[in-house]
Amino acid sequence: MEVCYQLPVLPLDRPVPKHVLSRRGAISFSSSSSLFGAPDPRQLSQRRGAISYDSSDQTALYIRMLGDVRVRSQVGFEPERRSSHPYLCIDFRTLHTRLSYGSSPADSGTEKRVHRLLSFQRYLHSSRLLRGIPQQIPLHILDEDYSGQARCMLEKVGSWNFDIFLFDKLTNGNSLITLTLHLLNQYGLVDLFQLDMVKLWRFLVLVQEDYHNDNPYHNSVHAADVTQAMYCYLQEPMLSKSLTSYDILLGLLAAATHDLDHPGVNQPFLIKTDHYLATLYRNTSVLENHHWKSAVGLLRETGLFSHLPPEDSMNMERELGSLILATDISRQNDYLSRFRTHLDQESLCLSNASHRHFVLQMALKCADICNPCRPWELSKQWSEKVTEEFFEQGDIEKKHKLQVSPLCDRETNTVGNIQIGFMTYVAEPLFGEWARFSDTRLSQTMLGHMGLNKASWGGLQPEQTAISEETEPSAGGSRSKEIPQGSRES
């Protein structure tokens, strides 16, 4: 039986009622109500994108502006404006949208509606399959044609050469869901913490859906890559013999959600555009706080830890936030100096819970920026993707006549010089200290790859500079007449 799910169409001059649930490609339902029946109004959660909140839960009363573009495009309302800056009327989710040549807006709208319907059908089908399946859950989320290859890759999930791009293709874009579920099962955490499989599945679906795959870099594939790297670090002897199951669960969930709902622009951009998130978090770890609160919203919406005592679930949320906040690159030196002091004084005691948590923070920081330490074929792809995201932000800043952020001007920067600077001042100091802490084959492999990658970018520098000098006169001369003052379309 086919089910057609359609959002209600409202007049353009009316705001969206609070009872309308917006969801990107997935359906929300309560395990205590019928899948096809009307939801209980008392259990109905109000949604704004990734965040859910109940009127009775003041702690979870967290509303964000980055709402669902699909609902917004149908009912015609704009994000809430928290200040007078003209940029705030722009939807982050449409910044990178590009219509292919020869396709009309109508065709694009039809394609989005079909995609949403197919996503719902996949979700419904998977939910039925997961119901009643005891303990060991096979990978039903894989397409049949590729399940064999994906399973073969998962057998080597602890390899540092793991190709997350290939794995994402083999899983039909579900790399984050597939990988995280596999690792949780491999560690036996589903049984140990008595996690409900329907709730866990729904949580992972919502997490993957709330990453913006229009972002060249900060998307669900990056989250899957960080989760795989985190698993590699958890397997290191210093950690594997000391961490508890609670630590491992926390580390994997933090890796999977560490960039949740990332808008594709950095913190200085949010601050200088007077974005309400910057005001909410007082210009401190703005994005990281938002990732944390988004993850907490999904945990509460799905009730993944609702069976645990309230104190335990609150501790889980708080420590999850502590891990995610550690990924703030602006606080890199604080964590690094503290880590270096511990190593110099040999004062790390992994039988101490607070020390184990600090090591988890450092492991997540390493996993988050491990791209320079991957083999060249993988590292180069990540370098190009993150640089393109920088340049797209610069294009937006030029378009709106804002000061272009450092490293974001495609006319004055290249992939090579950005990567060489990042390795020199950020990655090498961090991974050098990590190798002191965990002097293993993996640590030496990472440092070796980083050295080779840095040399490779150095060798490409003259070539990239020559290409830039050849293309700049023609591109700059033709566009300067159309878009004065250096403003460019993104």
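What follows is a set of questions and answers about this predicted model.

Reader: So how confident is the predictor, and what is the average pLDDT of the protein?
Author: In the model, 64% of the residues score at least 70. Over residues 1–106 the pLDDT is below 50, though that stretch has 196 contacts beyond near neighbours in sequence. Residues 473–490 are also below 50, with 21 such contacts. For the protein, the average pLDDT is 77.

Reader: Let's zoom in on helix H7. How far apart are its end C-alpha atoms?
Author: Start with what you'd expect. Helix H7 covers residues 197–209, which is 13 residues, and at 1.5 Å a residue it should span 18 Å. The model agrees with that, since the distance between the end C-alpha atoms of H7 is 18 Å.

Reader: And how many residues of H7 are buried?
Author: Buried here means under 20% relative accessible area. The buried residues of H7 include Trp201, Arg202, Phe203 and Gln208. H7 is largely enclosed by the rest of the structure, because the buried count, out of 13 residues, is 10.

Reader: Which residue has a side-chain oxygen reaching the backbone nitrogen of Val198?
Author: Look at the start of H7. There, a side-chain oxygen comes to within 3.0 Å of the backbone nitrogen of Val198, and that oxygen belongs to Asp196.

Reader: Are helices H5 and H10 roughly parallel or antiparallel to each other?
Author: Helix H5 is residues 175–186 and helix H10 is residues 245–257, and their axes lie 11 Å apart. Leu176, Thr180, Leu183 and Leu184 of H5 make the contact with Leu249, Leu252 and Ala256 of H10. The packing angle is about 175°. Angles over 145 degrees count that way, so H5 and H10 are roughly antiparallel.

Reader: What is phi of Ser285 near, and is Ser285 buried or exposed?
Author: Ser285 sits in the loop between helix H12 (276–280) and helix H13 (286–302). Its relative accessible area is 4%, so Ser285 is buried. Most residues other than glycine have a negative phi. Ser285 has a positive one, near 45°.

Reader: What about Leu407: what is its relative accessible area?
Author: You'll find Leu407 in the loop between helix H17 (376–399) and helix H18 (415–437). Phi of Leu407 is positive, near 75°. Leu407 is partly exposed, with a relative accessible area of 40%.

Conventions:
Residues are numbered from 1 along each chain as its sequence is written. This is a predicted model: local features need pLDDT of at least 70, side-chain atom pairs count only at pLDDT 80 or more; totals for chains, interfaces and linings use all residues. Side-chain values use heavy atoms; hydrogens and water are left out. pLDDT is the predictor's confidence in each residue, from 0 to 100. Contact means heavy atoms within 4.5 Å. Helices (H or I, at least four residues) and strands (E, at least two) are DSSP runs, numbered from the N terminus. The expected span of a helix is 1.5 Å times one less than its number of residues. Buried means under 20% relative accessible area, exposed over 50%, partly exposed in between (1.4 Å probe, protein chains only). A polar contact is a pair of N or O atoms within 3.5 Å; within protein, one must be able to donate a hydrogen and the other to accept it, and residues adjacent in sequence count only if both atoms are side-chain atoms. Axes are lines fitted to C-alpha atoms, for helices over the stretch in contact, and angles run from 0 to 180 degrees between N-to-C directions. Angles under 35 degrees count as roughly parallel, over 145 as roughly antiparallel, 65 to 115 as roughly perpendicular and the rest as oblique.
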